[in-house]
Structure formats: structure tokens, C-alpha cells
Amino acid sequence: MDLSTPHPELPSVATPSVLPQGASTVGLSAWADIDLTAIRDNVAQLARLAGDADVMAVIKGDAYGHGLVPVAGAALAGGATYLAVAQLAEARAARAAGVSAPILTWLYPPGADLAGAIGEDLTLSAGAPWALAEIAAAARSLGTTARIHLKVDTGLGRGGAWREDLAGMLVDAARLEAEGVVDVEGIFSHFASADVPDHPSVRAQQETFAAVLADADRVGLRPRLRHLANSAATLTNPSAHLDMVRPGVSIYGLSPVPDIGGPTHFGLREAMRVTARLIAVKDCPAGQGVSYGHQYVTPAETRLGLVPLGYADGIPRHASGVGPMQVHGRRYTIAGRVCMDQVVLDLGADSPAAAGDEVVLIGREAAGEPTAQDWAAAIGTINYEIVTRLGPRVPRRYLEES
């Protein structure tokens, strides 16, 4: 292998294999069913909650593990008018797959192929002076107008311009728009604590954003799309809806504010259901150590079941001993350490389980199954991480009906 070969100009976005519609799962170790109808209906529900605001559906991270292109279609069918991905490579992959709707993308380094992005009719975020300058240079090289959204930092302390950089960017953007080099279609920002609706930073960021919009107006910028509300703000803070809301995790039927309510509380339903099959069930005496390090020892005679998924598939290693799974309607937690390719369940001596039986890892709240939120609560993280980390070795099967 020639390791000196340069990377391709447009890196591919790794995606899992896809099972044909209605394909049998016989013989599969595991699979994830993705309910596209649920995604469509969730977006429609979010659009209702958004009132007069448009919906920009966030499909970054391979649509939070659900599949970039299928989810794009479902979100648009549900009423989204805009799509958003973080990485430029994902935006270009969506275009290459035939997604023609407006797409905003905001993470790229200096020297990125912005001319190619502009040529593919992508909307570029400008969150720093260098980014605005490089977008303008790329647009001039093409003799065209680049559509941009200015990203401002209203207090998150992450991406986006603020203070002196922002003041200068607003002036420069107005000048470039007057020249026809850019079209400042939007200005946006991102909340730090929208999942805690009464946190003082929420109102402070809204007030800062309003001040930025006033500054933009004074220099002659009048963006058509002002957007600030993520999933949490879309669900809990109508005053932040403005011209467009930008939901992410909620379009997949996951609650960004589980302390307030789960998906059913907001009229949403989970789109992902992950199922595996037991590949071995064996009787085991009391006192038997299980998995690496024997961190779990059977307290009594029991039956052990082997589930062929591990941290290479996205099962968090720190879910050892606590990750929830369900077999024959009974809830279990992982016995011992999570391995790269497998985990073990202590099924109990009376379990009727056999090799080939289904194991539900991630299911639906309404059905009493383990959920992404249950996993998140068990290991001290958020449900976003649980679904997004599901690996490409788990094939996806897309369902058009619930």
C-alpha cells in the first residue's frame, strides 16, 4: 500500500450497509430498524410547534446515526424547508446523492474547497473573519454570489464570531453583499443551556442575539432567516423561534429535555430500534466469573446469553454492568465488561431463551423497551451520543410505515 497517496479531494462519508425494504433479518447478528415515517411525522409535529417559523432539520453525524440521505427525504416530506450538516464533506455527500434542498454547513478549515461548495449550491456559514474572506474569494473566482449565514457567538463560547471580530464582519458582509459577492440570507447562533429553559443564560443569549440583529440592521444587513432555537428551544421556548427553528435530536424522536418529558410528552416517537440475536445460551454454575477481569461473578446457578455487539459497534465500554437490554420482555443489564464484539447477559436460571432469540437494545418508550435515554441515564451521558455512535457494522433497515 502506498501511504504517500494523497487523500481524495472529497472524502467519502462512512455509512453502514442498508437492508432492502422488507428484507428478512434471519441470519443477522444485529440490525437497526429506522422508521422514516416516524421521522416525517416528528418533523411535522415540530413544524406545528414552531408556528410561523420554518424548520431546518439537522442531519449531521449521518443523521445522528440514522442515515443521511434517507432521513433527508423523510424530513423534507415532513415539512422541513432547509437541511443542516456540520461537516462540509457530509453536505457534499448529500448533494452527490441527489439531495437538492437548501443545505447549511458550518465546519470547515482554512483552505477548504469553498468554490466547489458554492458550485454545488451549498449555504456556507461564516463564523470568523477568515471564513468570510475565503468565501468572498471563492465566489469572485466563480463570478457568482455565495449564499451565507453569519454565525455569531452569543455566549456559548464555541463557534461563531463575537466582539470586535463580529463588528468588523458585519460591516464587511454588508459591503460584500452590496457588491453582489455574497447573499447574507441568514444570521444564527446556538444556545448553551436551552435544555434548562429557565437558565439565565437562555434569556441573556436571546438578548445578545437581538442586539446583534440590530447592529446588522444598522449596517444594512437584513437577513431573511434568523435562527437560534435548537431542539430544546423549539419544544420549550416559543420566544426563540424567530424565522426558523433548527431541531436535531428531536426529529429522531428523542427528547432533549428528559427531565421535562420523554418523546411521547411532546408528540414524538423514536425512529430507531436496535435488535440483536443471542448467538449462545449456556447453563452456568454459581461463582463463575463473566467476561474480562471477572468483574461480574454469577451469584447463583443461571443461564448466560451472548449478544454479538460490543464497543466496535457503539456499545459504550462504560456501559459494563449497567447497559440495559431486553429478552422475552424481561429487562437485563450487561453482565461484566463490554468487549469489542460482544457482551454477556445473566438471563437467570428460569429463562426460556435460546440461541437465535431477539434482544432489544434500543426500542420505544411506549412499548416499555430499553430506550436511548435509558442507556444515557445508565452511563451518565445524553441520548444523542447513544444513537450517533451506533457503528457501521450494524446494518440499517428503513421502514416506510410505523
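Predicted model: local features only at pLDDT ≥ 70, side-chain atom pairs only at ≥ 80, totals over all residues.

Visitor: Which residues does the "binding site" annotation cover?
Guide: According to the unreviewed UniProt entry, "binding site" covers Arg158 and Met340.

Visitor: How do you know that they do not all gather at one spot?
Guide: They span 183 residues in sequence, and the farthest two C-alpha atoms are 33.2 Å apart, so they do not all gather at one spot. Of these residues, Arg158 is included in the lining of the largest pocket.

Visitor: Where is Arg158 found, and is Arg158 buried or exposed?
Guide: Look at the loop between strand E7 (146-151) and helix H7 (163-179), where Arg158 is found. Exposed means over 50% relative accessible area. Arg158 has 57%, so Arg158 is called exposed.

Visitor: What is the volume of the largest pocket, and which residues are the closest to its centre?
Guide: Its volume is about 960 Å³. The lining has 47 residues, and the closest to the centre are Lys60, Arg158, His190, Phe191 and Asn230.

Visitor: What makes up that lining by class?
Guide: There are 28 nonpolar, 13 polar and six charged residues in the lining of the largest pocket. Several elements supply at least two lining residues each, among them helix H2 (60-64), strand E5 (103-107) and helix H6 (129-142). The largest share, three residues, comes from H10.

Visitor: What does the record say about Lys60?
Guide: The unreviewed UniProt entry gives Lys60 the annotation "modified residue: N6-(pyridoxal phosphate)lysine". You will find Lys60 in helix H2.

Visitor: Why does Lys60 count as partly exposed?
Guide: Buried would need under 20% relative accessible area, exposed would need over 50%, and partly exposed is in between. Lys60 has 31%, so Lys60 counts as partly exposed.

Visitor: Why do Asp62 and Tyr64 count as buried?
Guide: Both lie under the 20% cut-off for buried. Asp62 is at 9% relative accessibility, so Asp62 counts as buried. Tyr64 is at 7%, so Tyr64 counts as buried too. Asp62 lies in helix H2, and Tyr64 is found in helix H2 as well.

Visitor: What is the phi of Asp62 and of Tyr64?
Guide: Phi of Asp62 is near 55 degrees, a positive value in a residue other than glycine. For Tyr64, phi is also near 55 degrees, and again this is a positive value in a residue other than glycine. As background, most residues other than glycine have a negative phi.

Visitor: Which strands form the open sheet of three, and in what order?
Guide: The order is E12-E15-E18, with antiparallel pairing.

Visitor: What makes E12 and E18 stand at the edges?
Guide: Strand E12 (280-284) and strand E18 (343-346) each have a single partner strand, so one side of each is left without a neighbour in the sheet. On average, neighbouring strands of this sheet are turned by 25 degrees against each other, direction ignored.

Visitor: How do you know that E15 and E18 pair?
Guide: A pair needs at least two bridges. Four bridges join strand E15 (residues 302-307) to E18, so the two count as paired. As one example, Val307 has Val343 in E18 as its bridge partner.

Definitions and conventions
Residues numbered from 1 in each chain as written. Heavy atoms only, no water. Axes fitted to C-alpha atoms, helices over the stretch in contact; angles between N-to-C directions. 1 Å grid on protein atoms, 1.4 Å probe; cavity = no way out; pocket = protein on both sides within 12 Å on 5 of 7 lines; lining within 4 Å. Points joined across faces, edges and corners; volume = space filled by probe spheres on them. Nonpolar A, V, L, I, M, F, W, Y, C, P; charged D, E, K, R; others polar. Buried < 20%, exposed > 50% of the residue type's maximum accessible area, 1.4 Å probe, protein only. UniProt positions renumbered as here; feature names shortened; annotations may be inferred.
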